[in-house]
Structures are given as structure tokens and as C-alpha cells.
Amino acid sequence: MIQITALFLLLSAALNAAPLSNSGLQSRGDGWYTPPQTFQWQWQIDLAAVPRVAPDVYANGTKAELLIYDVDIEASPATIAEIKSWGAKVACYFEAGTWVARRTKWAPLFPGAKTATGKNVAGSLGYSYEAPYTDELWVNPSDPEVRRIIKDVIYPFAKAQGCDLVEPDNVQGYERDSYCTGFEATTGANCGACKSGSTKEYFIDKKCDADYNAWLDFNKFLADEAHKQGMGVALKNNHFQAAELVGYHDYVLSEECVSYASTFSNGTQVGFEVFGSKANDCAGYLPFLKAGKAVTLTQYKGTIGKLCSDAAPFLPYGGFNSILKKTSLTATPRAACCGGVPCNAGPQPTTTTTTTTTTTKKPTTTTTKKTTTTTTTTTKKPTTTTTKTTTKAKTTTV
């Protein structure tokens, strides 16, 4: 009887194990955290600013749990532990597709040029990121050493920090209307010219092998390795590949997709077949909504009322978890949508490490660097212009 029971348990475990594909693990949430489709969340990269948002927020006058708190990967373990003590899950931001000198724990490990001037493709590093962030260099998404550093250094660091999820940034280097990475194919009928930031034309639908498919495989790698190390993973600002990555990533984090309406080189607009003239880049994330997965959306300009209105067409599909922030990504301001309308702000309890602030918010800017002895990190956030430019705030973690 003992032998039969043991055999039954082994068979059950095998049948319930996460399925494998030719590309690796699929996103089922076995052994890592997968968020529900609807929840309240906070994005605060600058954790030095006070006050921090407390464990709960107010949704139409009713306390709602703050389920996910998104911070920088180099936030102090004590800060991450404090947030988790509230019952929230912690997502950790890092640059996956670019090399950043300030990430001193792993930047020296990358082979190749370590200067941020000119177009110096060498080893695993490519051209500078678009201005004004030329201190960052694109990585070669197919380079084995780049992947080894993420798998063996960055992800274990995130796990040790206590991150429940990771938020890999700069993962759409194939968008040749905006980005020139240095690793594009320059010949072939399927490869259009690389033009930095000044054209509406996209070469995504042509699927140039050295561009689109390389970054698609890189995104699958990022998801697979995060899952193997017990962490959930966000798909960041990558609406073009969402349909092909919905089986790998656990949720979406989009910046201002309601503000863009991308047009393919054949003249068709993203989402036009579903939403007509109201289509925007957010339509690319419909596969996630239809799969019951979450889409988190951040807007940096306008009003919370307009954001909720712009996101309302997606409510029949499950809706977005939308918040209005500033590019500095400090604790406040923060406004959220609840069921297609602005949430009732209500009283906002706040938490700091030394004092409690209830009304006065410490002003921040996106150009002044705080003078402290702590680690300085940055994050890129897109602006609402007709070209895909980005804005990034100097931030300080504690």
C-alpha cells in the first residue's frame, strides 16, 4: 500500500508539473507569484522621497489593499522587507536591454566597449540609447554572455533582495523607428533602414530576423529564467510582441500606451480592427486581457478622469489597472482608476521610516540629483509626443 501511494503521488506530481515548450517554461504561476487581473498598485522608484504610500489606498471610499509595489532592484533589503510586511508583493525594476554604468554590481562584467560616446559596437555592447540617455548602451540580445550575467548575477541578486517579480526594461530594441541598437541586419528584403526617433513607419510587420526575432527570443529568455528562479515577470512596453509572449509573461506594465497610435509600414494601425478610430497601442495587450492576465498602465500627463476615460474601452475585456503619476515616480502624486472612473481619493494614510506625513508632500524634480551617500539609479519613462522619445528621472534608493 505504501508503494502504491508513493507511485500515485509521483504520477500526480508529474501530471501537474509546469509544461515545457521548445522555448522553455510557460507562464502558469507554478512556483512563482502571478498577480490577479485586477488590483491596486504603486510604482515608486524614488524610495528616498517621503512619504511612502501605506499598505492600503482608498477606492471609492473603501480601503483597498495595495497588492503590488514596484521599486528599483537596488532598493535596500530593509525597505523591501517593510513593504512585504504590509502584505504587498514587490516587483523590481532593472534595465535588461541596456548596459548602465551605475549598476556597479554587474556593469563591469559585460565584455566590450564601456564608453557611452558614438556608435561603438564591441563585444556584447552596441550603440548609445537615444538622447539624452546616451550613458546607456544597448546590449546584444543574442549574446550568451549577456544572458549569463542576467541569469547568474542579476536574477539571483533580485531573488536575494526579496523581489517577488521582476520588471525588465528596454526590451523592444527591434522598433527601428525609434532605436538603433547597432545589432540590426543592414541587408535583405525584410530589413528596413534604422531611423532614430523621427518616422511613423515601423518595420515590425516585416519581422527582420536579426531584429524582431532576436528580441522576441530575448524576452522569452527573460521570462523563463525569472520563473526558474521563482519570480514572476512583467512584459514592459512591448505591445507589438504581446500576442507571442502572453504564454511566457505574467502581466504587462505599459507606459502611456493610450497616448500612442502606432502605424505599421503597410499603413494599418494597431488595434484598428477592434476599436476603429479610438484604437491606440494599448490594443496590443488584448491577448493578455483575454487570457485573464493583468495589464498595469501608467500615464504621466493629463488628468485622472481622462486616463480612466481613455482606458474605458478595455473594460469589457477585463480592464487595466491604471494610475496617474509623474515621471519622477515618487510616492505622490498617485491617482487611480476604479471600474472606469477615478477612485475616490479618501484619506491617504502614509508611512515613512522616521515620521508620518499626512498632508504636505515633499516636492521633487526630474533634473536635480539628490546629494546622499546612497545608490543612485534611474529609470526611463516615455513622454506623450508624436515620436517615441523618453524621459528619465534621477532617483535615489534607500
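## Exercises: disulfides and a loop residue

In this predicted model, a disulfide joins Cys 92 to Cys 163, with an S to S distance of 2.0 Å.

**Exercise 1.** Work out which parts of the chain the Cys 92 and Cys 163 pair ties together, and find the handedness of the disulfide.

*Solution.* Start with the bond itself: a disulfide is a covalent bond between the sulfur atoms of two cysteines. Cys 92 sits in strand 7 (residues 89-95), while Cys 163 is in the loop between helix 3 and strand 11 (165-169), so the pair ties together parts 71 residues apart in sequence.

**Exercise 2.** Now try Cys 257 and Cys 282: is their disulfide left-handed or right-handed, and is Cys 282 buried or exposed?

*Solution.* The two sulfurs are joined at 2.0 Å. The torsion about their S-S bond is about 95°, so you call this disulfide right-handed. For burial, the cut-off is under 20% relative accessible area. Cys 282 has 0% relative accessibility, so it counts as buried. Cys 257, at 3%, is buried too.

**Exercise 3.** Find where Asn 140 lies and what Asn 140 touches.

*Solution.* Go to the loop between strand 10 (136-139) and helix 3 (144-161); that's where Asn 140 is. Its relative accessible area is 17%, so Asn 140 is buried. Follow the side chain of Asn 140 and you get to the backbone nitrogen of Ser 142 at 3.0 Å. Leaving out residues up to four places away in sequence, Asn 140 touches Ser 124, Val 146 and Phe 183.

Methods
Residues are numbered from 1 along each chain as its sequence is written. This is a predicted model: local features need pLDDT of at least 70, side-chain atom pairs count only at pLDDT 80 or more; totals for chains, interfaces and linings use all residues. Side-chain values use heavy atoms; hydrogens and water are left out. Helices (H or I, at least four residues) and strands (E, at least two) are DSSP runs, numbered from the N terminus. Buried means under 20% relative accessible area, exposed over 50%, partly exposed in between (1.4 Å probe, protein chains only). A polar contact is a pair of N or O atoms within 3.5 Å; within protein, one must be able to donate a hydrogen and the other to accept it, and residues adjacent in sequence count only if both atoms are side-chain atoms. Contact means heavy atoms within 4.5 Å. A disulfide is a pair of cysteine sulfur atoms within 2.5 Å.
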